[in-house]
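Me: Here is a model I would like to go through. Let us take the helices and the surface in turn.

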Amino acid sequence: MAEMWGSVVASLLFWSFANEVTTVDEAKKYYPLFGLGANVALIFSGQYVRFVSSLRANLPPGVDPWGMSIKYLMGAVAVSGGCLVSLFNYMQRKVMTDPECVDQEKQAAKKKKKKVKMGLRESAKFLVSSPYIRDLAMLVISYGMCINLVEVSWKSKLKAAYPDPNAYSAFMGNFSSATGTVTLVMMLLGRKIFRKFGWRNAAMVTPSMIGITGLAFYALTIFAPFFEPIAASLG
């Protein structure tokens with residue numbers, strides 16, 4: 001549930017609000033900035049997790065290091081959540097009601113427009129009848145399956161390598177920072193890649209990387225006895 005809150009609930013609420021207040025023309029300009037901001041936050045949050053995990057070295061005897069780390073991490077989550085609620089409240093009271101920031105006529109038209117509510121069966125029929133949405137749904141489902149198949153196995157191996165919760169947390173903090181940095185760089189290079197190689201070739205990078213790295217990971221896991229001498233010689 002805790003992992004779902006960050007990746008599903010908070011993300012869904014943010015992008016729903018962004019879609020509500022951002023026009024199509026504005027989205028081309030601001031959505032990449034939202035993505036950049038998210039990855040900058042990932043870098044800093046990863047280093048905060050690493051910092052909290054490193055505090056255990058200076059703790060006096062008898063203090064539970066993992067319990068202290070949890071308190072610091074949950075404190076940061078609470079503070080971040082408070083900031084989110086405060087900023088959302090401020091935007092609703094000051095920004096959304098300001099004619100210079102938001103076109104009030106368009107906002108009123110959006111509120112008056114009735115949304116068609118469909119049940120589960122109707123939604124499934126609409127999904128099947130629309131090739132565009134059906135293909136998007138298949139992309140999302142395939143992405144989720146690939147990520148979960150690799151990530152579950154990878155994390156199980158990672159926990160075996162880092163049995164101590166603080167050591168595991170410190171590694172994940174560094175990993176999050178590295179992920180944010182690489183994603184940030186790729187987002188900055190993405191426009192040039194699209195422009196030079198085209199959408200099709202650029203879009204093939206993601207599934208190709210998942211396939212290559214996933215096969216490499218499972219090969220190293222399944223044939224671990226064969227690769228152990230090689231890994232030992234490399235240190």
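Reply: Helices (H or I, at least four residues) and strands (E, at least two) are DSSP runs, numbered from the N terminus. This is a predicted model: local features need pLDDT of at least 70, side-chain atom pairs count only at pLDDT 80 or more, and totals for chains, interfaces and linings use all residues. Residues are numbered from 1 along each chain as its sequence is written, and side-chain values use heavy atoms, without hydrogens and water.

Me: In which helix is Phe226 found?
Reply: Look to the run of residues 224-234. Phe226 is found in helix α9.

Me: Is Phe226 buried or exposed?
Reply: Buried means under 20% relative accessible area, exposed over 50%, partly exposed in between (1.4 Å probe, protein chains only). Phe226 has a relative accessible area of 57%, so Phe226 is exposed.

Me: How do the axes of α2 and α7 run, roughly parallel or roughly antiparallel?
Reply: Axes are lines fitted to C-alpha atoms, for helices over the stretch in contact, with angles from 0 to 180 degrees between N-to-C directions. Under 35 degrees counts as roughly parallel, over 145 as roughly antiparallel, 65 to 115 as roughly perpendicular and the rest as oblique. Helix α2 (residues 24-54) and helix α7 (residues 165-203) have axes that come within 7 Å and cross at roughly 160 degrees. Therefore α2 and α7 are roughly antiparallel.

Me: And α2 with α3: roughly parallel or roughly antiparallel?
Reply: The axis of α2 comes within 9 Å of that of helix α3 (residues 65-95), crossing at roughly 150 degrees. So this pair is roughly antiparallel.
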